[in-house]
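Here is a short walk through one model. Keep the structure open as you read.

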Amino acid sequence: MKEEPLKHIETIDREEFQEDLISWFSREQRDLPWRKDRDPYKVWVSEIMLQQTRVDTVIPYFNRFLEKFPTLDALALADEDEVLKAWEGLGYYSRVRNLQSAVKEVHEKYEGIVPDTPKEISSLKGVGPYTAGAILSIAYGKPEPAVDGNVMRVFSRILSIWLDIAKPASRKVFEEAVRALISKQNPSYFNQALMELGALICTPTSPSCLLCPVREHCQAFNEGVQKELPIKSKKKAARKMNMAAAVLFTEDNRVVIHKRPGTGLLANLWEFPNFEVGTSRSGRKQLGEFLEAEYGVAASLKAGVITRIQHVFSHIIWDIEVYAGSVESTTLKDTELIAVSEEELERFAFPVSHQKIWKETSEVIK
DNA sequence: TACACGTGGCA
DNA sequence: TTGCCAAGTGT
């Protein structure tokens, strides 16, 4: 027989809990650019940017993005390369490709008005259960749960829930808790307050319980186990990949770049030609063979590694040997490679790893 | 269900 | 220095 994870929910005085939480948020909420109005488009953009990303990181990206694409229609009609450029450095790039795809659907199918029903909004690309609930509650005032990592941590403690929050199946338990406790009067503030509380007070390590507005409602605090919660299993370690990359110049001093495929890691971003090398042979020799086999290009690579770069993703570690060389620009015709001037490089979206490659290579060469 | 999918900050 | 993230979603 399974233990009931929500066995403490009846101990919460719902009205008092909502009041304590919402009045705290009204007093203490941070002044953030996406809180200036409730434009569903802006709420949507902010929620996508904030996925797995810190508020301080998002703020400048949000401001620039809204300057460049002020309305849903502007984003729907924009060029994808320009959209990716505005996202450059934020990571998880499929977020913005899905966002633009979904925005195009709203532009065409809903006359540019973000839908306000769970069914319609959840069907949009990149809009999962969290984002659907966030937009519905924050922009439209609907009493829908918006369960993110903060909410799971906060409710793990308040309701003393010892479920592993890293397991996908756990989320529905927390949604049930939110549905039972959410303010019908102000679901927007209720949801935002839970997340703000998680960000400012009920933090992962050493929560500031003495400053917490809902301390008196908190089962974990009452039992003194707030630091034991939430339960969260570890992720597996990243795997290492040995890479070689080529910074190739044409005779008129342009730089050779390549657009990555439309699916998978760093999809549709630009890069310097590179691949995963074997460790048993010379990286330079393998790189020359790769350029010939993959792109049909005969490059002359300088002897010696220009620089070594390590780049850590969440799930992969790239160790990159960078080589410099030259190609005849006429041989690039009808290949996947293009040559652009150094000034033009700035208009292309590169992953941070390849920004490092260019920065260090240009420093060594000059 | 478990894993792919980025990045910069911090203990 | 190394792990562990931080307002998740798609497959």
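Where does Leu 266 lie? The model is predicted, and it places Leu 266 in the loop between strand 2 (255-259) and strand 3 (270-271). Phi of Leu 266 is near 55 degrees, a positive value in a residue other than glycine. Leu 266 counts as buried because 20 other C-beta atoms lie within 10 Å, and the cut-off for buried is 20 or more.

Tyr 92 also has a positive phi, near 45 degrees, and is likewise a residue other than glycine. Its loop runs between helix 5 (80-87) and helix 6 (94-109). Tyr 92 has 14 other C-beta atoms within 10 Å, so it is partly exposed.

Another backbone feature sits at Pro 230. The peptide bond from Leu 229 to Pro 230 is cis, with omega near 0 degrees. Pro 230 belongs to the loop between helix 12 (219-223) and strand 1 (239-249).

Now turn to Val 312, in strand 6 (residues 307-312). Val 312 is exposed because it has 11 other C-beta atoms within 10 Å; the limit for exposed is 12 or fewer. Beyond its neighbours within four places in sequence, Val 312 is in contact with Ala 238 and Ile 317. Ser 353 is 41 residues from Val 312 in sequence, yet their C-alpha atoms are 8.7 Å apart.

Terms used
Residues are numbered from 1 along each chain as its sequence is written. Chains are lettered from A and ligands numbered from 1 in the order in which they are written. This is a predicted model: local features need pLDDT of at least 70, side-chain atom pairs count only at pLDDT 80 or more; totals for chains, interfaces and linings use all residues. Helices (H or I, at least four residues) and strands (E, at least two) are DSSP runs, numbered from the N terminus. Two residues are in contact if their C-beta atoms, placed from the backbone, lie within 7 Å.
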